Amino acid sequence: MDIRLDDLSCQQVQNLLAAHRAGMQKNSPPDSVYALDLSGLSHPDVSVWTAWDEEELMGIGALKQLSPSTGEIKSMRTDARHLRNGVGFALLDHIIAVARERGYRRLSLETGSGAEFEPALTLYRKRGFANGEPFGDYKPTDFNQFLHLDL
């Protein structure tokens with residue numbers, strides 16, 4: 001698996017991001033979808049990595065800088081053909097390592113609740129993330145959850 005910093009110009013990447021947003025919209029209340037679109041992921045404060053098996057896209061993950069000491073994980077998605085092959089762990093471990101290199105003291109993320117979100121929640125919790133308070137501009141609801149990892 002090759003993890004690369006990505007510029008979002010590849011059609012495979014754009015298709016996976018579109019599938020990610022569609023999945024979030026399908027499985028979340030309308031006011032609880034915070035997945036970034038291409039313009040949001042292209043912001044200078046966001047770094048995006050993709051995982052590849054030669055020329056086949058396996059997954060994607062992003063890190064948004066919230067402050068000089070904190071980051072937010074965004075747009076984590078494994079292509080359905082590569083589920084349960086360690087793609088999510090590899091991308092998450094890469095993002096955590098970059099956050100440490102940047103000197104971040106905390107990583108956070110917002111996600112949903114329900115069966116569709118359990119695999120992602122399991123992934124994050126296995127890497128030490130724990131539920132906590134809302135952050136940034138997020139508003140707590142009965143649906144969303146906030147996870148944090150102190151680095």
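Two strands are taken to pair if DSSP finds at least two bridges between them. Helices (H or I, at least four residues) and strands (E, at least two) are DSSP runs, numbered from the N terminus. By these rules, strand E3 (residues 56-67) and strand E4 (residues 70-78) pair in the antiparallel sense, over 7 bridges. Within this pairing, Ile 60 has Arg 77 of E4 as its bridge partner.

The model is predicted, so a few limits apply: local features need pLDDT of at least 70 and side-chain atom pairs count only at pLDDT 80 or more, while totals for chains, interfaces and linings use all residues. Residues are numbered from 1 along each chain as its sequence is written, and side-chain values use heavy atoms, with hydrogens and water left out.

Zooming out, E3 and E4 belong to an open sheet of 7 strands with mixed pairing, in the order E1-E2-E3-E4-E5-E7-E6. Its edges are strand E1 (2-5) and strand E6 (130-131), each of which pairs on one side only. Helix H3 (residues 87-101) packs on this sheet and touches E1, strand E2 (46-53), E3, E4, strand E5 (106-111) and strand E7 (145-150). Contact here means heavy atoms within 4.5 Å. The direction of H3 makes about 30° with that of E3; axes are lines fitted to C-alpha atoms, for helices over the stretch in contact, and angles run from 0 to 180 degrees between N-to-C directions.

Gly 88, Phe 89 and Leu 92 of H3 make the contact with Leu 123, Tyr 124 and Lys 126 of H4.

As for charges, the structure holds 7 salt bridges (a side-chain nitrogen of Lys or Arg within 4 Å of a carboxyl oxygen of Asp or Glu). One of them joins Arg 81 and Glu 56, at 3.6 Å from N to O. Arg 81 lies in the loop between E4 and H3 and Glu 56 in strand E3, so the pair ties together parts 25 residues apart in sequence.
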